[in-house]
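Please examine the structure shown below.

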Amino acid sequence: MILIYLSETLLYLCFSLITGSLILSLIPGSRKPEITIRKRWIQISILGIVIFSLFPVIRLVLFLYEDIGLWVTIQNVISTFEVGQAWSFTLFVSIAFYLYVSIFSIFTKKIHTVISLSFTFVLLLALGWASHSASLNEWSGFVAHCIHFLAVTIWVGILIVVSWFSVNSANWLTFLKWFTPVAISCLLVVAASGYFLMTLVIDLNNYADTWILPYGQSLLIKHLILIPIIFFAIINGIWMKRKIQKDSTINPRNWVKAESFTLLLIFSATAVLAQQEAPHDIDSVAASNGMARLFSTVYSESISLPIDASMDLNMLGILFFGLSICFLSFAWFATVKKFSPLIAFSMSILCMISMYLGLMNSVVF
C-alpha cells in the first residue's frame, strides 16, 4: 500500500509541476521572479504520469489474476474496467504530449504553451474518469473531482515552480499581486468542491462517526493539514508582502518552499484517502474491516455499536487544544523573529498533531 500512496503523491506532483510551469511561462517576465526550468522536467513529469497512474491498474490485476490467469486478467482490466480504460487513454495522450513537447518550444511560443496546457487538461480528465468520485456518482462526481484537482494543481504548481525553480526574488511584489487572488480563488474552489465530494461519500452528520475507520482518519488528517497551509498562506501572501514593501532585500523563497512542503502533505493525505473504502455503512465496514490502526493506537476507550460519536471535552482534550494554540503562537513568533522557516514549519505540524490528539481525546463513542 505504501507504494500506492507514494505513486499517487508523485502523480499529483507531476501534474502540478507541468501545470505550474506552463502557466508561469504565460506570465510576463515583469510579473514573476526569474525562473529557470528545463523542458526535460516536463518530459519527466509526462513519463511520471504514465508510470504512476499505472499503479492502481497493477494493484487490480494482482488482486484478480489468480482465478483466470495473468494475461487474461490484464486484458480484462484494460478493456473493461474504468481504471484500465482511463490508463490506456492516458498512455495514448501522454505519448502525443511527449512528442509535442520534444518537438516544439513550449516555453517560448505561447500557442505551444496553450496547446500543452490542453494536453495536460485532457490527462487531468482521464484521471478524473478513473477516480473514486466518478464511480460513486458518474457525472457530478467526475466534474467535481476534475474541478477540485484542477484548482489544486494550479495553486500548488505555481507555488512549487516559483519556490524551487526561481533563481532570485525579483518582481516578488508584482508576482504576489496576481498570485494571491489566484491562490485564494483556488482555495475557495477546493473547499467547495471538496465539500461536495465529501457529501457523496458520507453523511456530514456522521462525520465524527467515520473517525474509527481508515477513511475517516485520512479525511480528518487531511482537514487538519489545512492549519499549516492556511498559516503559511497568510505568512507568504500578507505578512511577507508587507515586509518586502519595507525591505526589498528580504528573500521570501525559503518561506514559500516551506509552504510547498505543507501542500505536499495534503497530496499525501489525499493519496491515502483515495485508497480507503468509502464508509457508506459505518457499522458494517467497522465490523468487517476493523477500525483504523491509527485510531486503535490513540483511542483506548470502549466503543459500542451502533456507532454514535459525540464530543465530551475533558482535561486531557483541553490540554492538547491548548498545546495546539501554543505551537501555532510559537510558529508565528518564529516568523516574526525571522527564525528558520523549518522551525515555523515544525511548530505548525506540532499544532496539527496536538489538535488531532485533542479531538481523539474528546470524542466518545
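Trp164, Phe231, Phe232, Trp255, Phe261 and Phe345 form one aromatic cluster. Rings of Phe, Tyr and Trp (its six-membered ring) pair if their centres lie within 6.5 Å. This is a predicted model, in which local features need pLDDT of at least 70 and side-chain atom pairs count only at pLDDT 80 or more, while totals for chains, interfaces and linings use all residues. Residues are numbered from 1 along each chain as its sequence is written, and side-chain values use heavy atoms, with hydrogens and water left out.

**Aromatic pairs**

- The structure holds 23 aromatic pairs.
- One of them joins Phe327 and Phe330, with 6.5 Å centre to centre and 75 degrees between the planes; this pair is edge-to-face (planes over 60 degrees apart; under 30 is stacked and the rest tilted).
- Both residues belong to helix α15 (residues 315-336), where Phe327 and Phe330 are 3 residues apart, about one turn of the helix. Helices are DSSP runs (H or I, at least four residues), numbered from the N terminus.
- Phe327 is buried at 18% relative accessible area, whereas Phe330 is partly exposed at 46%. Buried means under 20% relative accessible area, exposed over 50%, and partly exposed in between (1.4 Å probe, protein chains only).

**Packing of α12 and α16**

- Helix α12 (residues 253-274) packs with helix α16 (residues 341-362) at an angle of about 30 degrees, their axes 9 Å apart. Axes are lines fitted to C-alpha atoms over the stretch in contact, and angles run from 0 to 180 degrees between N-to-C directions.
- The two helices α12 and α16 are therefore roughly parallel (under 35 degrees; over 145 is roughly antiparallel, 65 to 115 roughly perpendicular and the rest oblique).
- Asn254, Trp255, Ala258, Phe261, Thr262 and Leu265 of α12 meet Pro341, Ala344, Phe345 and Ile349 of α16, contact meaning heavy atoms within 4.5 Å.

**Packing of α1 and α6**

- Helix α1 (residues 2-26) and helix α6 (residues 110-129) have axes 10 Å apart and an angle of about 155 degrees, so α1 and α6 are roughly antiparallel.

**Buried parts**

- Helix α10 (residues 214-224) has 8 of its 11 residues buried, so α10 is largely enclosed by the rest of the structure.
- The buried residues of α10 include Tyr215, Leu219 and Lys222.
- Val201, in helix α9 (residues 172-201), is buried at 8% relative accessibility.
- Val201 and His132 are 69 residues apart in sequence and 9.7 Å apart in space, C-alpha to C-alpha.
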